[in-house]
Amino acid sequence: MRTAVFGCTVALGIGAFSCGSGSSDKVIPPKLSSIQKEIFDETCNAPSCHGSGMKGGLSLTTPNAYRQLIAVPGTTDKKNSPPLMRVKPGSPDSSLLFVVITSPDTNQGEIMPKGNERLSPNKVEAIRRWILAGAPDN
């Protein structure tokens with residue numbers, strides 16, 4: 001037991017992962033309102049990112065996120081011509097948002113969120129399922 005606790009403490013100290021049933025284990029409904037609150041507001045909306053800084057011309061703040069994501073060409077996608085849509089309803093693999101949080105090509109920018117830990121599998125799955133459902137404004 002002592003070894004396991006020590007391992008978690010060391011890992012947390014370097015920011016590798018969290019132990020236990022924290023918020024990263026929380027199931028997030030595949031709804032824009034939940035994604036906004038649990039992911040965009042918590043991880044993406046720093047002033048230097050997709051908040052007031054609008055990196056890549058993208059604001060993920062309420063109420064901007066939906067209209068700036070749906071069927072809008074990505075500005076960082078240098079791999080595809082024409083570039084992938086930020087969100088292509090029904091198609092996560094053809095949505096730049098999903099690509100950059102999972103495994104972007106070097107021509108599609110850096111993995112997001114930049115400078116933070118990667119999104120938990122539950123957060124990635126919520127975004128994937130929301131896009132699969134047609135990316136409704138819910």
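Colleague: How does A135 count here, buried or exposed?

Modeller: A135 counts as buried, because its relative accessibility is 0%; the word buried is used for under 20% relative accessible area, exposed for over 50% and partly exposed for anything in between, with a 1.4 Å probe and only protein chains considered. Before we go on, please keep in mind that this is a predicted model, in which local features need pLDDT of at least 70 and side-chain atom pairs count only at pLDDT 80 or more, while totals for chains, interfaces and linings use all residues. Residues are numbered from 1 along each chain as its sequence is written, and side-chain values use heavy atoms, with hydrogens and water left out.

Colleague: Okay, and where is A135 found?

Modeller: A135 is found in the segment after α5, and although A135 is not a glycine, its phi is positive, at about 50 degrees. G134, which comes just after α5, also takes a positive phi, of about 100 degrees.

Colleague: What does helix α5 look like, then?

Modeller: Helix α5 covers residues 121-132, which is twelve residues, and from its first C-alpha to its last it reaches 16 Å, close to the 16 Å expected at 1.5 Å a residue; the expected span is 1.5 Å times one less than the number of residues.

Colleague: Which residues in α5 are buried?

Modeller: In α5 the buried residues are K123, V124, A126, I127, W130 and I131. They sit on the same side of α5, because they cover an arc of only 155 degrees around the axis, the arc being that of the directions from the helix axis to the C-beta atoms.

Colleague: And what covers them?

Modeller: The cover over the buried residues of α5 includes α2, α3 and α4 (96-102).

Colleague: What about the largest nonpolar core, how many residues are in it?

Modeller: The largest nonpolar core has 26 residues, and those with the most contacts inside it are F40, L69, V87, I127 and W130; a nonpolar core is a set of buried Ala, Val, Leu, Ile, Met, Phe, Trp, Tyr and Cys residues joined through side-chain atoms within 4.5 Å. The elements that give two or more residues to this core are α2, α3, α4 and α5, and α4 gives the most, with six residues. In soluble globular proteins, nonpolar side chains tend to be buried together.

Colleague: Which residues does F40 touch?

Modeller: Leaving out residues up to four places away in sequence, F40 touches L32, I35, N45, L60, A65, L69 and L97, where contact means heavy atoms within 4.5 Å.

Colleague: New topic: where does I28 lie?

Modeller: I28 lies in the loop between α1 (2-14) and α2, and I28 is buried, with a relative accessible area of 3%. Not counting residues up to four places away in sequence, I28 touches S34, I35, E38, I39, K123 and A126. I28 and I39 are eleven residues apart in sequence, and their C-alpha atoms are 9.2 Å apart in space.

Colleague: Is S34 buried or exposed?

Modeller: S34, which lies in helix α2, is buried, with a relative accessible area of 15%.

Colleague: And H50, what does its side chain reach?

Modeller: The side chain of H50 reaches the backbone oxygen of K55 at 3.1 Å. H50 is placed in the loop between α2 (32-44) and α3 (64-69), and H50 is buried, with a relative accessible area of 16%. Leaving aside neighbours within four places in sequence, H50 is in contact with C44, N45, K55, L58, S59, L60 and T61.

Colleague: Last one: where is the peptide bond cis in the loop that holds P63?

Modeller: The bond from T62 to P63 is cis, with omega near 0 degrees, and P63 is found in the loop between α2 and α3. A cis peptide bond also joins M112 and P113, with omega about 0 degrees, and P113 has its place in the loop between α4 and α5.

Methods
Helix = DSSP H or I, 4+ residues; strand = E, 2+ residues; numbered from the N terminus. Polar contact = N/O pair within 3.5 Å; in protein donor to acceptor, adjacent residues only side chain to side chain.
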